[in-house]
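Thanks, everyone. I'll take one structure and walk through it quickly. Please keep the viewer open while I talk.

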Amino acid sequence: MNKSSKLCHKTSCSKNNIFCNLIDKIVKRPSLQFLDQWGYHCYEPRIYRTLAKILRYTDLEGFDVLLTDYIAFVEKSEYCFELNLNLEFSEICVNTILYWVFARKGNPEFVELLLKKTKDYIQDRSCNLAVIWRTFTPVYCPSPLSGITPLLYVAQTRQSNILKILLQYGILQREKNPINIVLTILLYPSRVRIMIDHELVDIQEDAKTCLLLCTRVLPVISVKEIETQLSLGRCPIVSNWLDYIPSTRYKDPCELVHICRLTIRAQLLTKNMLPNGIFSLPIPTCLQNYLNLEN
């Protein structure tokens, strides 16, 4: 039995599936069929080049097709892989997709489509299709083992329009230590680039918006923990940061309307119904918007 036969076998194939075609090309590549030639470094470049070519120029409709193909490939794949190959192939594909969606495109519409398509798998972090929990490398390299999650990357870059979408889907609410995201927004060093005055202002304004968004989904924000970090010499990107955290998040009694928002969102979250479930509630539109973190 040759090397490729050991790596996978077919039961039924969809010829139009991007990922089925990609794995076919990898397995059939002659240079990889010799003993000891199969390895991450051999097939990663081909996977990345193929997906990057698609993602660089694709529109929303094309991205929808790519995600549909990936979900079908993972759920109903006709390939039975050796465990290592299966994990590595999925890892490279997800790393490439997240890299292009968050680090290269930074388009809120692409992010929302990604969340919509993979929403059904989000509660199981171990699932290969729960891609929003996977890590990726913002400066692309083959292995995302030292990468970061999309939420952490968005906090580091203070992309307020994308952070809002992630929060609407309950991503911050699912974090074990959400204060770490607040600390990242406030204290993570500015993006490494030559900045003129208005660019720096833009980053500060985005940071302020990100802080305000976090106050809409969290019951408490530990100002004491922030002050501890400041006492260690860290410098906040927003000097008057406390002005953007309501006193009801750290010292005064919380507003009843905010407690109601947290309670309703928590119930919808347990049923994986954020954010769409909000708009099926028999309440006025203005309250639906409030629950959905709008102004």
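Start with P275, in the loop between α12 (256-270) and α13 (285-291). Keep in mind that this is a predicted model. The peptide bond that joins L274 and P275 is cis, with omega at about -5°.

N272 sits in the loop between α12 and α13. Its phi is near 55°, a positive value in a residue other than glycine. Is N272 buried or exposed? N272 is buried, because its relative accessible area of 11% falls under the 20% cut-off.

Why stop at these two? Most residues other than glycine have a negative phi, and most peptide bonds are trans. So both deserve a look.

Now the largest core. How many residues does the largest nonpolar core have? It has 80. F19, F63 and F102 touch the most other members. Helix α5 (residues 83-105) gives the largest share of this core, 11 residues.

Take F102 from that list. Beyond four places in sequence, F102 touches V111, L114, I132, F136, P150, Y153, V154, Q159 and I162. Hold on to Q159 there.

Where is Q159? Q159 lies in the loop between α7 (150-157) and α8 (160-168). Q159 counts as buried because its relative accessible area is 14%, under the 20% limit. With close sequence neighbours, up to four places away, left out, Q159 touches F102, G106, Y153, V154 and C210.

R158 is not a glycine, yet its phi is positive, at about 55°. R158 is also buried, with a relative accessible area of 1%.

Move on to α8. This helix is mostly covered, with seven of its nine residues buried. Those are S160, I162, L163, I165, L166, L167 and Q168. Just after α8 comes G170, with a positive phi of about 80°.

Next, step back to α7 and look at its partner. α7 packs with helix α9 (residues 179-187) at an angle of about 30°, and the axes are 7 Å apart. That makes the two helices roughly parallel, because the angle is under 35 degrees. Which residues make the contact? From α7 they are L151, L152, A155 and Q156, and from α9 they are I181, T184 and I185. By type, that is five nonpolar, two polar and no charged.

One more residue in α9: I179. At 15% relative accessibility, I179 counts as buried. Leaving out residues up to four places away in sequence, I179 touches I221, S222 and E225. I179 and C214 are 35 residues apart in sequence, and their C-alpha atoms are 9.3 Å apart in space.

Now zoom out. The protein chain has 13 helices and zero strands. Buried residues make up 46% of its 295 residues. Take the contacts with a separation of 6 or more: residues 24 or more positions apart account for 72% of them.

The mean pLDDT of the chain is 87, and 81% of its residues reach 70 or more. Where is confidence highest, and where is it lowest? α12 is highest, at a mean of 98, and helix α1 (residues 3-7) is lowest, at 45.

Two stretches need a flag. Over residues 1-7, pLDDT stays under 50, and the model has 13 contacts for them beyond four places in sequence. Over residues 192-198, pLDDT is also below 50, with six contacts in the model beyond near neighbours in sequence. Where pLDDT is low, the predicted coordinates should not be read in detail.

That's the tour. Questions, please.

Technical notes. Residues are numbered from 1 along each chain as its sequence is written. This is a predicted model: local features need pLDDT of at least 70, side-chain atom pairs count only at pLDDT 80 or more; totals for chains, interfaces and linings use all residues. Side-chain values use heavy atoms; hydrogens and water are left out. Helices (H or I, at least four residues) and strands (E, at least two) are DSSP runs, numbered from the N terminus. Buried means under 20% relative accessible area, exposed over 50%, partly exposed in between (1.4 Å probe, protein chains only). Contact means heavy atoms within 4.5 Å. Axes are lines fitted to C-alpha atoms, for helices over the stretch in contact, and angles run from 0 to 180 degrees between N-to-C directions. Angles under 35 degrees count as roughly parallel, over 145 as roughly antiparallel, 65 to 115 as roughly perpendicular and the rest as oblique. Ala, Val, Leu, Ile, Met, Phe, Trp, Tyr, Cys and Pro count as nonpolar, Asp, Glu, Lys and Arg as charged, and the others, Gly among them, as polar. pLDDT is the predictor's confidence in each residue, from 0 to 100. A nonpolar core is a set of buried Ala, Val, Leu, Ile, Met, Phe, Trp, Tyr and Cys residues joined through side-chain atoms within 4.5 Å.
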